[in-house]
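Please walk through the structure below with a few local features in view.

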Amino acid sequence: MNVEPPVRVEDKLYYNRYLVDIGHPHVKVRAHTTPSPQLLALLKACPARCYELNDDGQVEITVDGCIECGTCRVIAEPTGDIEWSHPRGGYGVLFKFG
Amino acid sequence: MIEERFDAIVVGAGMAGNAAALTMAKRGMKVLQLERGEYPGSKNVQGAILYADMLEKLVPEFREEAPLERHLIEQRFWMMDDRSHVGMHYRSDDFNEERPNRYTIIRAQFDKWFSSKVREAGATVLCETTVTELVRNERERIVGVRTDRRDGEIHADVVVLAEGVNGLLGTRAGLRARPTPDNVALAVKEMHFLPRETIEARFNLKGDEGVVIEAAGTISRGMTGMGFIYANKECISLGIGCLVADFQRTGQTPYGLLDQFKRHPSVAPLIAGSEVKEYSAHLIPEGGYKSIPQLYGEGWVVVGDAAQLNNAIHREGSNLAMTSGRIAAEAIGLVKSRGEPMSSTNLAIYKKMLDDSFVIKDLKKYKDLPPLMHTHSQNFFLTYPQLISKAMQNFVRVDGTPKAEKEKATLKSFAKARSWTGLFGDAYRFARAWR
């Protein structure tokens, strides 16, 4: 396998149109000291790379670039690690092509 | 918010929701459709291929009106290793017919048009409205919905849950289980724009002819998954999807797979010089027949992706969605015309009608395939593509090796990789699941 150049997800998200609902994140991570395996899986599985480790080794989410696929919900909602809702009406990602 | 009472509330303005709302509105029912996006289609993602037959039953004149991209005249299946692909192409001029069978579409544009038909038929369509909860009466029957609008409780005789694969309402209300990592795939997609002439030259097309390519092999790195490339008029939809459980297990990233797929020597020339205008992701129900939940109950029915109605083998999702939406609406219409309540007993007719349709018959036929593909993904998506590709190269490359020796080497490579018992076992398991 060839060595892979790093993929910049931020650049991909820049193509998209969003209406960010400031102050109303639709996905929340439960407070934790050590992340569960499910939470850690989201660092890689989230297609918008919304989940990142902070300096204390905890998983944080920034929902601004979320494309609302639900992958994190399927993986980490059953363990109670995250709370998932749809954004309020009209907010969030707005696909031009879909 | 809305004082009046409706015959039916449809949650979602995708393929299933629009089919249901349109069918009921045409029958003169008082229908409210709720959509959380800014406009119908703004939250919807699909490859996308439209099958004409299912839409024709709903809007017979759609070919004159709907925003269609290209009618498909060619289907390519690619089995890929890292540097090559072995392909099967089926191209037929028969598909250049007066009423073509399949089209590529762009969902956001298509859904806007589909929704305009729903409005024309008399339904009330309310966008930018997220339904937060189902409302029950004291006898546990669903009697309406609560939305995120002020005083947002609205009542109806029946609620049609067309809320998509990631629908929260049905699962929160305990009507069905949440999708699990091994029964949904995550697909990521980009829209690559190129001049029309460039697309037609690269894909060997004229006019509105179209091609789809479905690809499997080492591009999914041993996970259960497929890549796809669909030619639209002025853009190419390109994506790849794998089971969520496989992403979770392997730690592969979806965008890493997508970029590797784009760089593959068989793919890169098709999109060279394109301008990307959107990056999207979506879950696809892959569990098949065995993952279909309870489809109806006291005052509710569930349709489309929310009900896991997707034929992963034939890549048919939106037509199952449209058909289940239409059938649910017809069933509701039947109950209403008898003047009977929307009880579980009466709505059972929806399941009966769906069982009699191609939707359930097809899913039943393939009921054992998803588990087989999911548990043997390394063989089907990594080992075989590599072996077949090597065999092909061995067959076509002329280098002075006697042919008998070449064949022996090919057979040996198969036996070595999977053993004879393994090969026969896979063939047997596959044939049995297909039957």
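Over the face of which residue does B:Lys112 lie? The ring is that of B:Tyr39, and B:Lys112 is placed 4.3 Å from the ring centre. Bear in mind that this is a predicted model. A second contact of this kind involves B:Lys277, whose charged end sits over the ring of B:Phe193 at 4.6 Å from its centre.

Over all chains, a search of the whole structure finds nine aromatic pairs. One of them joins B:Tyr90 and B:Phe95, with 6.1 Å from centre to centre and 90 degrees between the planes, an edge-to-face arrangement. An angle over 60 degrees counts as edge-to-face, which is why this pair is given that name. B:Tyr90 counts as partly exposed because its relative accessibility is 49%, and exposed would require over 50%. B:Phe95 has a relative accessibility of 23%, so this residue counts as partly exposed too; buried would require under 20%.

B:Trp113 and B:Phe114 make an aromatic pair with another geometry: the planes are 20 degrees apart, the centres are 6.0 Å apart, and the pair is stacked. Both B:Trp113 and B:Phe114 are buried. The pair belongs to a cluster, in which ring pairs link B:Phe110, B:Trp113 and B:Phe114.

β1(B) has strand partners in β10(B) and β2(B). With β10(B), residues 153-161, the strand runs parallel and is joined by five bridges. Within this pairing, B:Ala8 stands opposite B:Val158. With β2(B), residues 31-34, the pairing is again parallel, over four bridges. Here B:Val10 has B:Gln33 as its bridge partner.

The last stop is a span named in a record. An unreviewed UniProt entry carries the annotation "domain: FixC-like C-terminal" for residues 369-435 of chain B. In the model, this span is 87% helix and 0% strand. The C-alpha atoms at its ends lie 10 Å apart.

Definitions and conventions:
Residues numbered from 1 in each chain as written. Chains lettered and ligands numbered in written order. Predicted model: local features only at pLDDT ≥ 70, side-chain atom pairs only at ≥ 80, totals over all residues. Heavy atoms only, no water. Pairing = 2+ DSSP bridges. Helix = DSSP H or I, 4+ residues; strand = E, 2+ residues; numbered from the N terminus. UniProt positions renumbered as here; feature names shortened; annotations may be inferred. Phe/Tyr/Trp six-rings, centres within 6.5 Å; stacked < 30°, edge-to-face > 60°. Buried < 20%, exposed > 50% of the residue type's maximum accessible area, 1.4 Å probe, protein only. Lys NZ or Arg CZ within 6 Å of the ring centre and 35° of its normal.
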